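Here is a friendly walk through this structure for someone meeting it for the first time. Please keep the 3D view open while you read the numbered points.

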Amino acid sequence: MLFIYPSLCPTVRPTMPQVPEISMALLPFINNYTHLQCKMRFLLLFSRQGKLRLQKWFTPIPEREKKKITRDMTTMVLARKPRSCNFLHWKDLKIVYKRYASLYFCCGLDAEENELLALEMLHRYVELLDKYFGNVCELDIIFNFEKAYFILDEFLLGGEVQETSKLVVARSVEASDMLQETMEEYMSKPAF
Amino acid sequence: MSPSVRLQEMIRVIRGARTQGEERGVIQRECAAIRAQFRQADNGTRSHNLAKLLYVHMLGYPAHFGQMECVRLIASPRYNEKRVGYLGAMMLLDEKQDASLLITNSIKNDLSHSSQYVQSLALCTLGCMGSAEMCRDLAPEIDRLLRASNSYIKKKAALCAVHIVRKVPELGELFTPASRSLLSEKNHGVLHGAVVLITELCERNPETLEQFRKAVPELVQIMKGLVMSGYSPEHNVAGISDPFLQVRILRLLRILGRNNETASDAVNDLLAQVATNTDSSKTAGSAVLYETVLTVMDIKSESGLRVLAVNILGRFLLNNDRNIRYISMTSLQKIVQTDHNAVQRHRGTIVDCLKDQDASVKRRALELSLALVSAVNIRSLMKELLLFLSSCPPELRAHTTSGIFNAAERYAPSQRWHIDTILHVLTTAGGDVRDETVPNLIQLITTATELHCYTVHKLYRALIADISVQSLVQVACWCIGEYGDLLLRGECEETEPVQVAEDDVLDALETVLQSHMSSPATRGFALTATMKLSTRITHNVDRIRSIVSIYGSCIDVELQQRAVEYNALFKKYDHMRAAVLERMPVIDKSSPGHTNGESAGGSIKEMEPTKRTQEVALPQEPANQVCDLLDLLGGSGEPPQPSPALSTTALGPVSSTAGGDLLDLLGGLDVTPVPPSVIVYEKNGVTLKLQTDRQTDTGMTITLTATNSTDREITSLTLQAAVPKSVQLQMKAPSGDVIPAHGLGQVTQTVLLNNPNKVSLKMRVRVCYTSQDFVCQDTVQIDSFPSPAW
């Protein structure tokens, strides 16, 4: 008598292929750089389609790893349901993300960081962008990405908040821009 | 066309590309143009070319050829070019690239530039991607800027110093003096940077930590000022004055107050003040409260403050904002071990969070609930957990089931409850339980002797309802095979008995055997159960015989082997069948599988290693038992070596090897082979046990074990042995001559016997000892030894 054995016992499988929220294996780079103990490891902005609009890395990571992390972040965050919690676990990092219109702001933090403060920090950055561009939208950041970086560099330094006053940051960026324009006028050549 | 439009024009063109290939084409053209431009002399377009390259880089295309251009632009005297150059350096250069060293000199020059904005560029870049060598080179410059510059530069220098300390910890000493004086600054940006720097220094160097403990009063003052001050438009966020600074100061106070009474005392008042005065209706306030709670729990705070902190967390649990619920549970998880009772008060809310929609919140609630299980709340909490299991997301199921099993094992109020719980889990989520669940459950069932009837009825009902859950089916088959007579008897105290005929039972088992859903292991269970029933039923033995013979030609080798052997048991060894298939004794619970009785809140990470060792251990056992089975039927008539032998009867070893499924089951348990032993002398509270272990055809090792159940110890114990002439005897040294009282210890002595002529073995043992000041001497004759005689 021939018996045909099933290949598997029927088990429940998750329907969507997802990046697991808790991953057992640690990426080697995290172990190599733990001595750095940087509180914030990276800040990424990406669209609903997963296109990267801004990336700031606060630890030295090889290019390939950067791409992989970005892919993982995008997959994980875009898979989240609308009214979910804004905090995730990924390897040994805490991921804090928030959606503003069509852009996701996502940062990776050390395990001891205060997630609520990170949310405030993301919000502050959005406010700064908004003040600068006036009702900022994704297109502003696409076409003026270097300005978005300049603003970020006045707000964060080495992964830490450098200035807690919105006014001061705005003034600094203005003054830098002014300096640039003055130089351009002097050279009679626009910057970009 | 003005150059600035050209960058934006390029972006527009790239975005307009309809396919990936088209985009690649555009980018390749642009990159070629940029490369050409780079090679040319300075024509004022360098900065905008680099900007274009940076955009291309962000899209994911290679841009390494722009690295030297960054270096050149940084060295340019023009601000706009420097700006883009530094941006490029931060994006394209990291410490791994050789080109990064080339900018060290430019940075050094720019740090002393007349324009603070140029200085700021240099500081920012150094703080972002500075390598260890660059940091060493430029540290003195940074220190200078920390002391003497305006607040705009000071705040950046402070954070740059933080980066340097992270890269080159030894340089921390360089910055310590300057950072101390920064605490008296009024500017929030500088203050924030100073606090971050001091935190970093203290975390890395215990001596610096000691030094900065003196700064605690100053920090408390600053913090008080922030909390009690009126509305400050510049730093206000939702009613909180500069939450970023407040959180950083609290964190520094935490580090300074850890393990230090004086420092902790100094901040007690402050923490209470912050906890009560901070409005937590918005995220900013909650962030400060959260940090306060963490600080309170970490330093040596007074108990009232700790209770306050736990209550804050409890309030967070009721907050509408999911984020706040999530972090409150994370914090509660950290303190559940130390402040168990305080957290228990919030158990109700935590259990409610199990029903939350969000997967992260659910996960946290689950871990916390498992950590809160105690003997007191086990019944009610288990109800909730089982309810959760029926609706929990798939990725949490395995964790939930193991957590439930751990909790049940530790706190089960009764055996029946325990069995019921495990059965419930198997019916709800049997596919997600660990492999050891089956043997563990079987072991549990055998120990609950009064519940055999109840258990087999319940399992039978479950089996006829659904045979898809393998673990449940395996246990059910085993029970039916073992206790089938109780099932057929049709009477049960604990539950409504089923009126079931022998045919029905055999039908059920056959369904399992034939079903395509059954795994090979499950089939094995079912076949063995069917076989066992042959001694427990009366009318349908022929049916069993036919089933067994059919499977003798089964394509699965394991099943085929079993069927063939059972067939032999029917035909050639029918006289042994009853003894072979008799009821199993209670299984000993000494298994490695019980390492999963760790803290119920253990994460999946911890479970994994034990699971893997289980899987490794399992395959070895069946191999042994199969060999034993072959020995049995090999016709040598020689019983196998005492491997898992659990009873002292002559057929002890045989009965445990006959049922292959028993041994699969025992594969999960680590049954230490216990050689048969018999008590040969019992008098005056002294018991002498004899254990045999046959090594070879003619040689035997006898172990004499003496124990003492009296109140006082037995001294001067000596044992002498005599055997028939042709037998050779060798006595080894005893382990001692004093037997501790109350059975707390024993004395063993090994005797080696060699019986080359295979005469009938007898032994005389003389026992001498002193008990309560009386000298006793006795002689014992041993005619039969526990192992099969020669």
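1. Leaving out residues up to four places away in sequence, B:T401 touches B:L389, B:V425, B:A429, B:D432 and B:V433, where contact means heavy atoms within 4.5 Å. B:T401 lies in helix α24 of chain B, residues 394-411. Helices here are DSSP runs of H or I with at least four residues, strands are E runs of at least two, and both are numbered from the N terminus. With a relative accessible area of 1%, B:T401 is buried; buried means under 20% relative accessible area, exposed over 50%, and partly exposed in between, using a 1.4 Å probe and protein chains only.

2. A word on the basis of these values. This is a predicted model, in which local features need pLDDT of at least 70 and side-chain atom pairs count only at pLDDT 80 or more, while totals for chains, interfaces and linings use all residues. Residues are numbered from 1 along each chain as its sequence is written, chains are lettered from A and ligands numbered from 1 in the order in which they are written, and side-chain values use heavy atoms, with hydrogens and water left out.

3. Chain A has six helices and seven strands, and along the sequence they follow the pattern α-β-β-α-β-β-β-α-α-α-β-β-α. Of its 192 residues, 58% are buried. Chain B has 36 helices and 10 strands, and 56% of its 790 residues count as buried.

4. For chain B, 67% of the contacts between residues at least 6 apart in sequence join residues at least 24 apart.

5. Please look next at a pair of helices in chain B. Two packed helices are described by the angle between their axes and the distance between the axes. The axes of α26 (residues 437-447) and α28 (residues 470-489) of chain B come within 10 Å and cross at roughly 35 degrees. Axes are lines fitted to C-alpha atoms, for helices over the stretch in contact, and angles run from 0 to 180 degrees between N-to-C directions.

6. Which residues make the contact between α26(B) and α28(B)? From α26(B) come B:V438, B:L441, B:I442, B:I445 and B:T446, and from α28(B) come B:S471, B:Q474, B:V475, B:W478, B:C479 and B:Y483. They divide into eight nonpolar, three polar and no charged residues. In this scheme Ala, Val, Leu, Ile, Met, Phe, Trp, Tyr, Cys and Pro are nonpolar, Asp, Glu, Lys and Arg are charged, and the others, Gly among them, are polar.

7. A glutamate in helix α9 of chain B (residues 132-147) is also worth a visit: B:E141. B:E141 is buried, at 18% relative accessible area. Beyond its neighbours within four places in sequence, B:E141 is in contact with B:L111 and B:S112.

8. On cysteines, the count is zero disulfides over all chains, a disulfide being a pair of cysteine sulfur atoms within 2.5 Å. A:C106 is buried, with 0% relative accessible area.

9. B:D242, in the loop between β2 (240-241) and α15 (243-257) of chain B, has a positive phi near 50 degrees without being a glycine. B:D242 is buried at 0% relative accessibility. B:N259 is not a glycine either, and its phi is positive at about 60 degrees. B:N259 sits in the loop between α15 and α16 (261-277) of chain B and is exposed, at 64% relative accessibility.
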